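Please look at the structure first; I shall then go through a few of its details.

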Amino acid sequence: KAICFDPSTKKASEIATRMFDISKQNWKILQVSSGDIDKANNIIDGDFRSWWTTAEDQSKPQEVVIDLGGAFNLSGFTYWPMQERWVSGVITHYEFFVSLNLQHWEKVSEGEFGNIWNNLVEQKINFDPIKGRYIKLRAAKIHGGGFNASIGEIGVITTK
C-alpha cells in the first residue's frame with residue numbers, strides 16, 4: 001500500500017494497493033496461436049499499458065502458452081485487457097490451463113470476465129490450487145465477435 005504526501009500543503013492521495021506475486025524474470029513465451037511471438041513478451045513485462053494482440057485468425061482459438069520458469073502452487077490468474085484509446089480484441093470468455101510437462105494440460109478455469117468491456121481493469125480469477133510450470137490462456141470469445149485477442153498483462157496467483 002502507498003500514498004503520496006505533500007508536506008508543504010499537508011495533502012495526501014488516496015491509498016493505492018498493489019499485490020505482487022512471483023517474479024516474471026524467468027518467464028518465457030513458448031507459443032502463440034498467431035501473431036508476433038516476440039511482441040508477445042509485452043504481456044509479461046510487468047507493464048499493463050504495453051500490450052500484444054494475435055493475428056485475426058478464424059481457423060483456431062487464440063491462445064498463449066507461458067513457461068513460468070519453475071513449478072509453483074497456482075491458485076489463480078490475472079488478465080489485464082489492452083489499455084489503448086482504441087481498444088480491440090478484449091477477451092470476454094476464457095479458458096485457462098495448467099501443465100507440469102507441456103504434454104498433459106488440465107483446464108482449471110473457464111468463464112466470463114463480467115462487464116469487462118465497460119470496465120477495462122485487471123481481472124482476477126481464482127481456482128482450486130494445482131502445481132504447474134506452464135500456463136495457457138485461451139480466448140473462447142472476443143468482444144464484438146472478432147477473431148484477434150489482445151492482452152495487456154497476464155499474471156498468476158500462487159499459494160504456499
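Serine 34 touches Trp52, Thr54, Ala55, Asp57 and Gln62, leaving aside residues up to four places away in sequence; contact means heavy atoms within 4.5 Å. This is a predicted model, in which local features need pLDDT of at least 70, side-chain atom pairs count only at pLDDT 80 or more, and totals for chains, interfaces and linings use all residues. Residues are numbered from 1 along each chain as its sequence is written, and side-chain values use heavy atoms, with hydrogens and water left out.

Is serine 34 buried or exposed? Serine 34 counts as buried because its relative accessibility is 9%; buried means under 20% relative accessible area, exposed over 50%, and partly exposed in between, with a 1.4 Å probe and protein chains only.

The side chain of serine 34 also reaches the backbone nitrogen of alanine 55 at 3.1 Å.

I turn now to the strands, which are DSSP runs of E with at least two residues, numbered from the N terminus. Strand 5 (residues 62-80) and strand 8 (residues 123-142) pair in the antiparallel sense over 13 bridges; pairing requires that DSSP finds at least two bridges between two strands. Glycine 76 stands opposite asparagine 126 in strand 8. Strand 6 (residues 91-99) and strand 8 are likewise antiparallel, over eight bridges, with glutamate 95 opposite arginine 138 in strand 8.

Finally, phenylalanine 96 touches several residues beyond four places away in sequence, among them Phe77, Phe127, Leu137 and Ile154.

Key:
A polar contact is a pair of N or O atoms within 3.5 Å; within protein, one must be able to donate a hydrogen and the other to accept it, and residues adjacent in sequence count only if both atoms are side-chain atoms. Helices (H or I, at least four residues) and strands (E, at least two) are DSSP runs, numbered from the N terminus.
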